[in-house]
Amino acid sequence: MSKKKRIGISIDMTPMVDVAFLLLIFFMTTTSFKPPEQVSVALPGSKSEVHVPETDTIILTVNKEGETYISDEDLSQTNLVAKEDLVKAILTWRARNPAAVVVVKGDKEGSYGNVADVMNALAESKTLRFNLMTDIKQAEDSDKGKGGRATKGKKKSTRGGKH
């Protein structure tokens, strides 16, 4: 009997690499990232575990200068609102999306009176349920020395209500 020599099989991997790079390029070019915030505020820390929904939110932002901005969750429409027009603006935005969750973001270095004015405007517009946005990282960094564990800056909110 004669021994048959086995012939090695070679598979060309070039087409598979091409497809992988095409998919990578496709996902890189079609991915939309969250736009930078037009109004950035330093949020106060908290230990609450209620997370802000990704969609159907109305965000009221109060910066440290006391200016109030109203926007939606993707921050595509951010409008500066005068204090005297705040109730009307809240009612208009609530009429667009009645099921939207209202989130109040106040700068920790700003005056409490400015945030209180926003909460009064919410009460006048019959929006009695809203969330106050805080930052987990800052609250848990103070617990590091006490054996607490720190997480990287997740945004969350605390329930607000009648005041």
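This is a predicted model: local features need pLDDT of at least 70, side-chain atom pairs count only at pLDDT 80 or more; totals for chains, interfaces and linings use all residues.
Begin by selecting helix α2, residues 86–96, together with helix α3, residues 112–124, which pack at an angle of about 55° with their axes 9 Å apart. Two packed helices are described by the angle between their axes and the distance between the axes, so these are the two values to keep in mind while turning the view. The helices α2 and α3 are therefore oblique to each other, and their crossing is right-handed.

Next, show the side chains where the two helices meet: on α2 select Leu86, Val87 and Ile90, and on α3 select Asp117, Val118, Ala121, Leu122 and Glu124, which they contact. Coloured by class, the contact of α2 with α3 has 6 nonpolar and 2 charged residues, and no polar ones.

Now move to Asp56, which is found in the loop between α1 (14–30) and β1 (57–62). Most residues other than glycine have a negative phi. At Asp56, however, phi is near 55°, a positive value in a residue that is not glycine.

Finish at Lys126, in the loop between α3 and β5 (130–135). Here too the backbone has a positive phi in a residue other than glycine, with the value for Lys126 near 65°. Is Lys126 buried or exposed? Its relative accessible area is 68%, and Lys126 is therefore exposed, the cut-off for that class being over 50%.

Technical notes: Residues are numbered from 1 along each chain as its sequence is written. Side-chain values use heavy atoms; hydrogens and water are left out. Axes are lines fitted to C-alpha atoms, for helices over the stretch in contact, and angles run from 0 to 180 degrees between N-to-C directions. Helices (H or I, at least four residues) and strands (E, at least two) are DSSP runs, numbered from the N terminus. Angles under 35 degrees count as roughly parallel, over 145 as roughly antiparallel, 65 to 115 as roughly perpendicular and the rest as oblique. A crossing is left-handed if the near helix is turned anticlockwise from the far one by less than a right angle, and right-handed if clockwise. Contact means heavy atoms within 4.5 Å. Ala, Val, Leu, Ile, Met, Phe, Trp, Tyr, Cys and Pro count as nonpolar, Asp, Glu, Lys and Arg as charged, and the others, Gly among them, as polar. Buried means under 20% relative accessible area, exposed over 50%, partly exposed in between (1.4 Å probe, protein chains only).
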